[in-house]
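Biologist: Before we discuss any labels, could you put the model up, so that each term can be set against the rule behind it?

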Number of protein chains: 2
Amino acid sequence: MRAVDIVRKKRDGLALDPGEIDAFVVGVTGGEWPDYQTSAMLMAIVLRGMNEAETTHLTRAMADSGTRLDWSDLPGPKVDKHSTGGVGDKTSLILAPLAAACGCVVPMMSGRGLGHTGGTLDKLEAIPGFRVDLDIPRMRSVLRSVGCVIVGQTAEIAPADKILYSLRDVTATIESVPLITASILSKKIAEGIDALVMDVKCGQGAFMKTHADAERLAQSLVKTGLGNGVPTQALITAMDAPLGRAVGNALEVRECIDVLRGNGPTDVTTLSIALAARMVLVGGLAASLDEAERHVRSALDSGRGLRTIQRMIAEQGGDPHVVDDPAYLPLAPERVMVRAERTGYVAAINAELVGLASMLLGAGRDRVEDAVDPAVGVVVHAQCGCRVKPGDALAEVHYRSDLRLGEAMILLKKAWTLGDAPPQELPLVLSEISAAQS
Amino acid sequence: MRAVDIVRKKRDGLALDPGEIDAFVVGVTGGEWPDYQTSAMLMAIVLRGMNEAETTHLTRAMADSGTRLDWSDLPGPKVDKHSTGGVGDKTSLILAPLAAACGCVVPMMSGRGLGHTGGTLDKLEAIPGFRVDLDIPRMRSVLRSVGCVIVGQTAEIAPADKILYSLRDVTATIESVPLITASILSKKIAEGIDALVMDVKCGQGAFMKTHADAERLAQSLVKTGLGNGVPTQALITAMDAPLGRAVGNALEVRECIDVLRGNGPTDVTTLSIALAARMVLVGGLAASLDEAERHVRSALDSGRGLRTIQRMIAEQGGDPHVVDDPAYLPLAPERVMVRAERTGYVAAINAELVGLASMLLGAGRDRVEDAVDPAVGVVVHAQCGCRVKPGDALAEVHYRSDLRLGEAMILLKKAWTLGDAPPQELPLVLSEISAAQS
């Protein structure tokens, strides 16, 4: 089976059979397929698509390109959540301990931020001493004692995805529902989970800008997960304004602790509970969504979620005092306010601009090799719907150097749109897709 | 201008502007575009297409990627013919001297055979001593004294095409009208010609299988030639059965000499005259096609064409005696007949099978690095329309080794289709496209 013949078949819009998909993934992983044939194939997939059976098999083949972890020695359903990425999206740090406190085993492998979106690993590394590079035996030990662990993806997990993703990034072949589906799910399936909850972000600050595109991706994720024996539930959630108030690594960790104490912003709290409840439900630990939500609220209200994250931090080498006293988290030396210049209601906050401003301050990275500053970022003071008058604080900028502060301030001033009337309140969860409906 | 952004624009079906096309071609030629970005771009072009302006500019940029030859010191119109390739297609060796005998200057750069189709350079090298690797000063000197020269493409001609073609071959991105157009015309334009005649082959033995596909390519070639200041006339001609009787290098040279003596098969003679007359016409040496045909027939009937090829052979280091006595050409040591097994009329001869049989005997190559045997090949005895009875010769096989003779014989037996009634006579020239019509 020659590579060029498989590429030609996809170019001509035909469905590839499992043997052809295996040849592609094995060839990519082993280096027998040179990059130029792989990128021609990727472009053909972007423009010709893949049907459900092809996407399911591609996902399986990519998951099988490396090690598939096995946690069957640990009691309880293995459940994870994955988000397609947003600004201020810190729900992983909240829902992992909440779901674990409800009986789930959460072996979460997460990523780093790039561009305007943040990454869970960068946030956790703002905690002094926190280690995200645990090996499998250490992961198992943390999972056994705490019920959740959040680490970086190891080299053995879906190596085909690493090769494909680095090529997709430079060949304009990112935007493809089957390729995005296979990339996300192959890694999650290789993680050894029984069920998955997907948070598909939708809006101007997300990868998927329209509800229709987000629905298409969510449908594909749910069908492909099920096709690979991993029941998947997807929420499509709004990503127009930043989620919560904090954008920036240590600032977000602090907000997560606030949420777990019951003092966090409503939007992050609501979404974290909604996602954690779906994890409990798909994990089979509740008979209905109502029951699952009651479990999660009880874990939150009782402080079990807070104690779980404190134990996870300690087990992963981090300083557990951060949970009791945020002064143990790094703090930026300088602050400045972004202030309203007129009277009005906050009609919109452009999440992408806030994310880019935070990146310019050093909280995120433009290129994968850049380092991040754990302390800097932006705290939103005036959320959507707030009434402000001239001089009122819209946001507080936490910064270290004023090198790119001017640029960041310009973006932040642009990010707030003020209107004369209170804006319509928009829902956070736009729709939900589960296997039965899809 | 980043490569990935140009690839994305084409992926999204937008037309590239001249600056973007230049960046692509210059990047490919200079090696700044890695192969994986180039092949993603090629696949995007295959699936999204290019409009007339893009194709014209791509052709110009590829022609400008190397040297553009200049023959303005030589009097007379510089005209060439190019064929998209067929089996037994030896018209170049006939029309080049005929057009030169009519006053054209023919600086022909030709190629080698691959797969089932033959190549002009391989045919000429069957002539003992013949050199196809002339440098530009030597080409100029042959053109000045003879009026025509046939050589291989030098490294300075359209280097972008060499890089793109080798990638297209292994990434299933050959089949694209704009890419084929730019590949053919960039080389011809860099040759320094004033006008071009295209022989677009159509049928089961050609690259373009249907008349609609051949028309599309011909239209694109004519428009793109004109857009680059090279008036181009295209004939769409049948390539179902082999052209003429001889398939194989020395055998075809011999047939060409027969044609130039006035003793060749009707189909090759007719097509060579038709193409040479278009060269005379687009070169401005005749006021009408009728007048151009009279010039060409006079060059043929007077023997001026024959003397011109004899002088070209001599000037290019070949043994001019081959023109007077075919015994100076290499001859295969062994012969065997393919015979009819039933009574009937030859309804069809599958050119592709005859071409593949000839390749198996050693006349052609499967891979570009293979050597060819000048002597071997197939001579058709029973052309389409012939009535045969059991035992009559369909073809004579000229071979050296019986290593792959069995395979070749099987293909040849399959190639002839016999029917009970005389087949309908089909035209050789199917249609004609010139700038005014296109």
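Modeller: This is a predicted model, and we can begin with a sheet in chain A, where 3 strands lie in the order E10-E8-E12 with antiparallel pairing and the sheet is open.

Biologist: Why do strand E10 (387-388) and strand E12 (416-419) of chain A stand at the edges?

Modeller: Each of these two strands, E10 and E12 of chain A, has a single partner strand, so one side of each is left without a neighbour in the sheet.

Biologist: What makes strand E8 (residues 344-349) of chain A and E10(A) a pair?

Modeller: The rule asks for at least two bridges between two strands, and 2 bridges join E8 to E10 in chain A, the two running antiparallel; therefore they count as a pair. Within this pairing, A:Gly344 stands opposite A:Val388 of E10(A).

Biologist: Which domains is chain A divided into?

Modeller: The assignment gives domain 1 (3-49), domain 2 (79-325) and domain 3 (330-419) of chain A. The centres of domain 2 of chain A and domain 3 of chain A, taken over C-alpha atoms, are 24 Å apart, and their contact takes 26 residues from domain 2 and 29 residues from domain 3.

Biologist: How do you know that A:Asp122 and A:Arg365 meet in a salt bridge?

Modeller: The limit is 4 Å between a side-chain nitrogen of Lys or Arg and a carboxyl oxygen of Asp or Glu, and the side chains of A:Asp122 and A:Arg365 are at 2.8 Å, N to O, so the label applies. The count between domain 2 of chain A and domain 3 of chain A is 1 salt bridge, and across that interface 10 residue pairs are in polar contact, both residues at pLDDT 80 or more.

Biologist: Which elements give two or more residues to the side of domain 2 of chain A that touches domain 3 of chain A?

Modeller: They are strand E6 (246-247) and helix H11 (249-261) of chain A, with H11(A) providing the largest share, 4 residues. By class, the residues on this side of domain 2 of chain A divide into 11 nonpolar, 8 polar and 7 charged.

Biologist: How much area do domain 2 of chain A and domain 3 of chain A bury between them?

Modeller: They bury about 2000 Å², and 56% of that lies on carbon and sulfur atoms. On the side of domain 2 of chain A, the residues that lose the most area to domain 3 of chain A are A:His116, A:Arg245 and A:Leu251, which together make up 29% of what that side buries.

Biologist: What makes A:Arg8 and B:Glu175 a salt bridge?

Modeller: Their side chains are at 3.9 Å, N to O, and the cut-off is 4 Å, so the pair meets the rule. The count between chain B and chain A is 4 salt bridges.

Biologist: Which helix gives the most to the side of chain B that touches chain A?

Modeller: H3(B) does, with 10 residues, and this side of chain B has 11 nonpolar, 4 polar and 6 charged residues.

Biologist: How much area is buried between chain B and chain A?

Modeller: The area is about 1800 Å², of which carbon and sulfur atoms give 70%. In chain B, the residues that lose the most area to chain A are B:Arg11, B:Tyr36 and B:Leu47, together 34% of what that side buries.

Key:
Residues are numbered from 1 along each chain as its sequence is written. Chains are lettered from A and ligands numbered from 1 in the order in which they are written. Side-chain values use heavy atoms; hydrogens and water are left out. Domain bounds come from an automatic or database domain assignment. Contact means heavy atoms within 4.5 Å. Buried area is the accessible area (1.4 Å probe) that two parts lose on being put together, summed over both. A polar contact is a pair of N or O atoms within 3.5 Å; within protein, one must be able to donate a hydrogen and the other to accept it, and residues adjacent in sequence count only if both atoms are side-chain atoms. Ala, Val, Leu, Ile, Met, Phe, Trp, Tyr, Cys and Pro count as nonpolar, Asp, Glu, Lys and Arg as charged, and the others, Gly among them, as polar.
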